[in-house]
Amino acid sequence: MPHPFVVILGKAVRHAARLRGGGSALPGLFVEKISPDFIKQTLAQLPRGVVVISGTNGKTTTTKMVVALLEAHGLKVFTNRTGSNFTRGVAAALLGDINIKGHLDADIAVLELDEAHAVHFVKAIPPRYSLLLNVMRDQLDRFGEIDATAKMLEKIALATTDTVVLNREDRRVLAIKDVLTDQKVELFGLSDALLGDFPSDDEMRGGKLKATKRPDAAVILKKYSGNEATYQIADKEFSTTLKLNGVYNVFNSAAAIALTHAIMVDETDSGIVISTIATVKPAFGRGEELQVGGQPLELVLVKNPSGFRLGLKSFSAEGYATMIAINDNYADGRDMSWLWDVDFESLTELGVSEVSGVRAYDMALRLQYDEVTIGHIDRDLSSALHQFIDNNKDSPKRIYCTYTAMLALRKELSKITKVEVVS
Amino acid sequence: MSKQIITVLQLYPKDMNIYGDHGNLLVLQRRLEWYGYEPHIIHYNVGDTLPESADIIIGGGGQDSGQEVIHADLIAIGPKLKAFAEADVPMLLVCGLYQLFGNFFKTSGGKTLEGIGVLDVETHGTNERLIGNIVTNNSEFGDIIGYENHSGQTFLGKNAEPFANVIKGAGNNSKDGHEGARYKNVIGTYLHGSILPKNPLIADFLIHTAVTKKYGEFSTDIVDDLLADLARTNAADRPR
């Protein structure tokens with residue numbers, strides 16, 4: 001049990017940081033410094049243990065879905081809801097949820113963790129379950145190479161004590177299966193027909209994913225069109241209408257179902273699973289829809305080439321005004337090379353109304369080479385946002401943005417419309 | 001009158017493309033179009049037949065695993081690539097292929113990958129990753145702006161010239177302040193970013209050299225590089 005003094009101090013810092021309007025990780029950093037065992041001691045109390053969700057794309061939305069699915073099965077779930085997926089983000093979230101004696105009132109913890117931080121985290125706190133989504137090019141400037149990132153996921157899998165859930169369609173993730181001896185493995189996947197919608201980094205310049213002979217998966221996304229999805233769960237088919245948009249969000253729902261299945265085993269209620277999945281909305285900034293001046297405004301987070309390509313593929317440009325905001329802060333990745341691995345031809349016909357962010361000119365230059373028309377360029381996010389809204393009053397809007405650009409835009413948007421507060 | 005054709009040969013796009021290398025190809029393709037030529041793009045992958053001629057050759061970076069996949073094939077076509085270099089064909093090799101166009105690449109594990117020796121350089125794998133925004137300078141191209149990310153450190157032999165001198169960042173290695181290597185019209189460099197979009201003078205060097213070599217004179221059309229200029233100024237101010 002953590003020292004009560006640490007808890008009180010940490011809670012005070014958290015309160016002060018929120019009054020100041022500060023980020024979610026600051027109080028966690030504080031606790032991490034004065035009581036390194038804080039997270040370990042607090043999580044050790046949980047009867048159903050700890051679940052770690054990692055991978056390049058889709059952690060936040062998938063975590064949100066897993067939490068909803070477990071809660072629908074009657075569990076009390078602790079999670080790091082903010083998408084602040086570094087260890088200190090977890091500490092910060094814990095501080096919000098524990099009582100003054102350091103007791104966490106939960107059955108299970110479901111944590112999304114950045115790959116590099118997860119490796120350290122699992123050394124201290126071996127998870128009972130882990131879900132490894134994918135390995136794609138993201139922030140190579142931080143991790144070096146994709147194969148190195150795959151190694152990180154392998155370490156998470158090896159530290160897991162019960163079941164590891166793996167993406168059958170990502171060859172680097174699937175390969176982790178072969179090194180596991182002590183863990184149970186469950187897979188999730190796509191039907192052959194849907195594979196073509198998911199270009200991988202390897203096939204980026206060489207075609208699309210091809211259907212090869214693959215091992216059986218516990219959960220398969222069989223069909224997806226419009227908002228209708230059909231899943232195959234343990235050989236039975238279920239169809240439903242989803243609130244999620246974006247084909248990658250929908251694939252992640254199959255991952256969430258597979259993980260829930262691994263945790264609940266015989267207690268899994270397929271009826272509850274399907275009715276819950278039908279109501280889940282995307283996590284903040286991941287296809288989240290706001291209302292501005294009577295028109296919808298969607299925020300689509302883009303942080304790497306595969307995510308950006310899937311975003312452009314998932315959301316048709318037709319009928320929408322488009323803005324792109326690219327920052328290069330540490331959390332976004334400093335390198336702009338990735339923009340050159342995304343094709344923007346789907347925007348050629350309608351053009352891009354507004355380009356913004358610290359690296360607005362890099363983005364504009366990228367668009368120039370795909371011969372996409374640009375309405376206006378402004379590095380300042382808030383003035384660009386207002387310009388974008390004013391220039392497209394009667395049209396639905398969509399903003400593709402990197403992580404720190406999204407946080408800044410949500411803050412600015414909260415001044416003019418209702419934005420869900422995530423803390 | 002039909003347009004004059006310029007062939008751009010891209011080496012190993014399947015295995016050596018992880019790092020925005022498509023940007024370099026796209027820039028060459030578009031600028032050739034904008035100057036009024038007809039670009040023909042040839043993707044050369046392991047096992048393909050190397051064409052008898054090419055006007056521009058480019059190649060990019062890969063992971064260590066990608067380098068191993070292409071290695072035997074590269075060694076096999078090495079003499080032909082060397083002959084292209086001697087015949088003044090302009091080439092741009094970035095990161096992984098820059099290393100393998102040198103004499104050898106000795107990994108940090110002690111394994112030696114033989115190179116094709118177009119450039120008189122050698123590379124030694126280290127555990128130190130040279131990473132971040134980089135600005136270099138070359139008397140012909142001025143400031144060159146990019147991003148580097150490599151753990152191999154490259155040193156020039158006596159028959160290679162540095163491509164540029166480092167102003168901000170690391171370059172070939174953590175010691176001598178050199179970036180890249182140059183032999184005839186062959187440029188080897190560690191710069192991603194991608195390098196050509198924000199350094200259109202280098203793109204135009206490759207294009208101009210190829211066109212005048214093949215057709216004698218060059219287009220009088222002008223490409224608008226305002227956005228490239230703005231992106232350059234912006235990028236040069238960013239932290240490492």
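A word on the model first. It is predicted, so local features need pLDDT of at least 70 and side-chain atom pairs count only at pLDDT 80 or more, while totals for chains, interfaces and linings use all residues. Residues are numbered from 1 along each chain as its sequence is written, and chains are lettered from A, ligands numbered from 1, in the order in which they are written.

Chain A, then. Its secondary structure comes to 16 helices and 15 strands. Helices here are DSSP runs of H or I with at least four residues, strands are runs of E with at least two, and both are numbered from the N terminus. Chain A has 423 residues, and 53% of them count as buried. Buried means 20 or more other C-beta atoms within 10 Å of the residue's own; exposed means 12 or fewer; partly exposed is in between; the C-beta atoms are placed from the backbone. Now contacts: two residues touch if their C-beta atoms, placed from the backbone, lie within 7 Å. Take the contacts in chain A between residues at least 6 apart in sequence: 73% of these join residues at least 24 apart.

Next, the sheets. Two strands pair if DSSP finds at least two bridges between them. One open sheet of chain A has nine strands, in the order β2-β3-β1-β4-β5-β6-β7-β8-β9, with mixed pairing. Which strands sit at its edges? They are β2 (77–79) and β9 (236–241) of chain A, each pairing on one side only. On average, neighbouring strands of this sheet are turned by 15° against each other, direction ignored. For angles, axes are lines fitted to C-alpha atoms, for helices over the stretch in contact, and values run from 0 to 180 degrees between N-to-C directions.

Look inside that sheet. Strands β1 (50–54) and β4 (129–132) of chain A run parallel, joined by four bridges. A:Ile53 stands opposite A:Leu131 in β4(A). Helix α4 (59–72) of chain A packs on the sheet. Helix α4 touches β1, β2 and β3 (108–112) of chain A, and its direction makes about 165° with that of β3(A).

Chain A has another open sheet, with six strands in the order β10-β11-β15-β12-β13-β14 and mixed pairing. Its edge strands are β10 (286–292) and β14 (374–378) of chain A. Here neighbouring strands are turned by 20° against each other on average, direction ignored. Strands β12 (321–325) and β15 (397–401) of chain A run parallel, with five bridges between them. A:Thr322 stands opposite A:Arg398 in β15(A).

Now a helix pair. How do α15 (381–391) and α16 (403–413) of chain A cross? Their axes come within 10 Å and cross at roughly 60°. That makes α15(A) oblique to α16(A). On this scale, under 35 degrees is roughly parallel, over 145 roughly antiparallel, 65 to 115 roughly perpendicular, and the rest oblique. From α15(A), A:Leu381, A:Ser382 and A:Leu385 meet A:Ala405, A:Ala408, A:Leu409 and A:Glu412 of α16(A). By class, the residues of this contact are five nonpolar, one polar and one charged. Ala, Val, Leu, Ile, Met, Phe, Trp, Tyr, Cys and Pro count as nonpolar; Asp, Glu, Lys and Arg as charged; the others, Gly among them, as polar.

On to the contact between chains. 30 residues of chain B are in contact with 25 residues of chain A. On the chain B side, α1 (21–34), β7 (121–138), β8 (142–156) and α6 (226–236) each supply at least two residues. Which element gives the most? α6(B) does, with six residues. That side of chain B has 13 nonpolar, 13 polar and four charged residues.

Last, some single residues. B:Ser139 is in the loop between β7 and β8 of chain B. B:Ser139 counts as exposed because it has 7 C-beta neighbours inside 10 Å. The C-alpha atoms of B:Ser139 and B:Phe163 are separated by 9.7 Å, with the two residues 24 apart along the chain.

The peptide bond from B:Gly193 to B:Ser194 is cis, with omega near -10°. B:Ser194 lies in the loop between β11 (186–189) and α4 (195–198) of chain B.

A:Val265 is not a glycine, yet its phi is positive, about 45°. The loop between α11 (247–264) and α12 (270–277) of chain A holds A:Val265. Is A:Val265 buried or exposed? A:Val265 is exposed, because 9 other C-beta atoms lie within 10 Å.
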